[in-house]
Amino acid sequence: MSVLFSPIKLRGLTLKNRIVVSPMCQYSADDGVANDWHFTHINNLSLSGAAMFCIEATHVEAIGRITPGCLGLYSDAAEAALKQVLTSVRKHSSTAIAMQLAHAGRKASSARPWDGGQLIPVEQGGWQTVAPSALPHKEGEAAPLALDAAGLKRIREAFVDAARRAERIGIDAIELHGAHGYLLHQFLSPISNRRTDEYGGSLQNRMRFPLEIFDAVRAVFPHDKPVGMRVSSTDWVEGGWDLAQTIEFANALKARGVDWIDASSGGVSPLQKIPLGPGYQVQFAEAIKRETGLPTIAVGLITDGRQAEEIVASGKADMVALARGMLYDPRWAWHAAADVGGEVEAPPQYWRSQPSTQKALFGKTTFGAR
């Protein structure tokens with residue numbers, strides 16, 4: 001019996017397997033509004049066989065977008081466009097649809113990756129960014145504005161508004177983006193947070209704003225729907241955020257009812273030195289799970305079905321999430337099920353694609369002709 005293809009329950013949401021399509025920025029929205037690209041992309045990957053698809057970093061205010069092309073949920077137009085996409089998905093897929101709510105902080109106002117990915121100056125169509133402290137991400141860049149009390153209140157309310165919009169369009173789960181050097185991670189890391197008020201200094205102070213955001217979103221999102229958090233488990237920079245602090249943060253989230261920790265790393269400093277290799281971040285999911293008892297998602301260079309099976313079956317993580325692997329192979333979960341003896345859901349239009357050696361891959365199917 002494959003553990004990778006066994007169910008897992010998160011509050012009132014039961015996932016049929018342990019595979020998640022990780023949130024992946026598409027940099028293709030129009031003022032935050034999803035378009036035909038998102039319709040195609042989301043519909044395609046909702047048929048991947050993964051139990052949950054997480055919509056890309058969806059920003060809670062316009063100045064919180066990473067790039068001018070990043071998705072948002074801060075307007076009626078953005079809400080209506082995503083509702084249309086989800087209505088289409090529901091016609092053909094039972095995959096749970098999650099959404100990653102985000103704010104880029106000082107890493108906002110960037111060019112799309114294929115346009116270089118660097119900070120866009122205000123005079124060239126960019127915008128003034130905000131952050132915990134007036135420290136630029138890279139030396140030589142324009143500094144962000146340090147958030148004052150009014151700015152913190154505005155962003156809290158923007159997360160709440162986005163969570164309410166997510167519920168209205170039928171999102172099944174929310175993941176808060178507290179990783180990769182974006183705003184919530186910027187508050188956590190001593191590299192980017194040099195505040196001297198109640199939001200800076202000690203670990204308890206640096207955790208305060210991300211925990212306030214979690215509390216605010218959890219309070220307005222339906223109780224039976226899960227809310228998780230993606231974290232950067234380490235900055236990969238000496239003196240920065242690290243695994244020990246991550247575990248303390250995860251325990252604080254656990255006390256507030258978090259439903260999973262999605263354990264990634266890095267992103268807050270260009271000085272990071274990341275030792276890339278297959279499953280290089282699984283160690284973080286394993287440590288967080290061991291020390292907190294929380295469900296964890298392992299991410300990062302997980303490419304093979306047997307590799308994913310071992311991660312889950314050995315208890316290193318409860319779920320695995322794939323991003324680039326799913327873009328390269330949108331039926332990755334089908335192929336993983338064939339490799340490890342699992343069963344995966346597929347629409348009847350595709351039942352004929354089962355290999356002759358895998359007649360139980362899609363469960364009980366019938367297909368007649370004359």
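In the protein chain, 69% of the contacts with a separation of 6 or more are between residues 24 or more positions apart; a contact means heavy atoms within 4.5 Å. The model is predicted, so local features need pLDDT of at least 70 and side-chain atom pairs count only at pLDDT 80 or more, while totals for chains, interfaces and linings use all residues. Residues are numbered from 1 along each chain as its sequence is written, and side-chain values use heavy atoms, without hydrogens and water.

Of the 370 residues, 59% count as buried, that is, under 20% relative accessible area with a 1.4 Å probe, protein chains only. The C-alpha trace spans about 75 × 45 × 40 Å along its principal axes.

The chain has 10 helices and 12 strands. These are DSSP runs numbered from the N terminus: helices (H or I) have at least four residues, strands (E) at least two. A closed barrel of 8 strands with parallel pairing runs E3-E4-E5-E8-E9-E10-E11-E12; two strands pair if DSSP finds at least two bridges between them. From one strand to the next, the twist averages 25°. Angles run from 0 to 180 degrees between N-to-C directions, with axes fitted to C-alpha atoms, for helices over the stretch in contact.

| Helix | Strands touched | Angle between directions |
|---|---|---|
| H1 (residues 36–45) | E3 (19–21), E4 (52–59) | about 150° with E4 |
| H6 (residues 243–255) | E9 (227–232), E10 | about 170° with E9 |

Strand E10 (residues 261–264) runs parallel to E11 (residues 296–299), joined by 3 bridges. Asp262 has Ile297 of E11 as its bridge partner.

Technical notes: Buried < 20%, exposed > 50% of the residue type's maximum accessible area, 1.4 Å probe, protein only.
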